[in-house]
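Keep the structure open beside the text as you read.

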Amino acid sequence: MCGRYFLYYDKDFIIDAFNIVNEFDYEDRFNIAPTQEVLAVIKGSTGNRAGYMKWGLIPKWAKDPKIGNKLINARSETIEEKPSFKESFYQKRCLIPASGFYEWVKEGDKKQPYQFTMEDKEPFAFAGIWSRWNQGPAGEDTEKITCSILTKESNSFMSNYHHRMPVMLRPVEGELWLERGTKKDILLAMLSENNPELTAEPVTRDLNTR
């Protein structure tokens with residue numbers, strides 16, 4: 001799974017890496033958690049656009065928005081099968097820029113958090129899907145834009161720490177992910193063949209309290 005991550009690139013670096021054409025607010029964040037607003041990139045009519053979505057996907061047909069609290073991740077292996085995710089996979093894909101993510105490993109009677117980053121420190125983004133929800137009472141502005149991070153079975157390195165990991169895309173791969181005309185078999189291959197080279201470093205156990 002992917003339950004916490006961080007983003008501290010320079011803003012101009014993000015703009016250049018992901019070909020963003022619009023202005024957006026930005027600040028470094030070192031402990032991004034589910035249900036918070038997260039920076040995401042989508043394909044717009046004039047280019048890639050960045051903005052904020054709530055982390056925890058609410059399908060457009062959902063009656064209760066609280067379902068989003070349980071849908072922070074989407075399994076890439078079953079993305080076409082799950083009613084909660086398949087429409088977004090076909091029509092509403094996004095990138096969620098990140099510098100790395102956290103995972104907890106049991107060591108003795110405690111859990112030690114580790115941070116995982118790309119070995120070469122080059123930019124990447126999580127493969128994501130998004131949804132626009134507005135099922136609230138008539139006449140009220142209840143629209144919510146939400147997203148989910150795709151995950152996959154861990155590669156040989158990550159399996160030493162956890163059995164799942166996020167799908168991590170380089171900017172070139174990200175362009176294919178966002179492009180509406182990318183064929184389904186290419187998208188699925190990007191998910192199944194994704195194998196980033198990572199580094200791991202222990203961080204403070206106070207992470208849970210921040």
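T35 is found in the loop between β2 and β3. This is a predicted model, and all values below are computed from it. The phi angle of T35 is near 80°, a positive value in a residue other than glycine. With a relative accessible area of 37%, T35 is partly exposed.

K121 also has a positive phi, near 65°, and again the residue is not a glycine. Its place is the loop between β8 and β9. Is K121 buried or exposed? The relative accessible area of K121 is 53%, so the residue counts as exposed, the cut-off being over 50%.

A further loop residue worth a look is V21, which sits between α1 (11–17) and β2. V21 is partly exposed, at 46% relative accessibility. Leaving aside residues up to four places away in sequence, V21 touches T46, G47, N48 and R49. The C-alpha atoms of V21 and G44 are 9.2 Å apart, and 23 residues separate the two along the chain.

Now to the aromatic rings. How many aromatic pairs does a search of the whole structure find? The search gives 14. One of them joins F101 and F126: the ring centres are 6.4 Å apart and the planes stand at 65°, so the pair is edge-to-face. F101 belongs to strand β7 (residues 100–107) and F126 to strand β9 (residues 124–133), so this pair ties together parts that are 25 residues apart in sequence. Both F101 and F126 are buried.

Y114 and Y161 form another aromatic pair, this one tilted. Y114 lies in strand β8 (residues 110–118), while Y161 lies in the loop between β10 (144–153) and β11 (164–166); the pair links distant parts of the chain, 47 residues apart. Y114 counts as buried, at 13% relative accessibility, whereas Y161 is partly exposed, with a relative accessible area of 25%.

The two pairs can be set side by side:

| Pair | Centre to centre | Angle between planes | Arrangement |
|---|---|---|---|
| F101 and F126 | 6.4 Å | 65° | edge-to-face |
| Y114 and Y161 | 5.3 Å | 55° | tilted |

The rings of these pairs belong to one aromatic cluster, formed by Y5, W55, F101, Y114, F116, F124, F126, F157 and Y161.

Charged side chains meet aromatic faces as well. K11 lies over the face of F24, at 4.9 Å from the ring centre. R93 is placed over the face of W177, at 5.8 Å from the ring centre.

About 50 Å³ of space lies in the largest cavity. Which residues line the largest cavity? The lining is made of Y5, L7, Y26, E27, R29, I32, V38, L39, Y52 and P97. Among the lining residues, eight are nonpolar, none is polar and two are charged. Three strands each supply at least two residues of this lining: β1 (4–7), β2 (29–32) and β3 (37–44).

Some names come up in more than one place. Y5 is part of the aromatic cluster and also lines the largest cavity. Strands β2 and β3 contribute to the cavity lining, and the loop between β2 and β3 is where T35 is found.

Notes: Residues numbered from 1 in each chain as written. Predicted model: local features only at pLDDT ≥ 70, side-chain atom pairs only at ≥ 80, totals over all residues. Heavy atoms only, no water. 1 Å grid on protein atoms, 1.4 Å probe; cavity = no way out; pocket = protein on both sides within 12 Å on 5 of 7 lines; lining within 4 Å. Points joined across faces, edges and corners; volume = space filled by probe spheres on them. Helix = DSSP H or I, 4+ residues; strand = E, 2+ residues; numbered from the N terminus. Nonpolar A, V, L, I, M, F, W, Y, C, P; charged D, E, K, R; others polar. Phe/Tyr/Trp six-rings, centres within 6.5 Å; stacked < 30°, edge-to-face > 60°. Buried < 20%, exposed > 50% of the residue type's maximum accessible area, 1.4 Å probe, protein only. Lys NZ or Arg CZ within 6 Å of the ring centre and 35° of its normal. Contact = heavy atoms within 4.5 Å.
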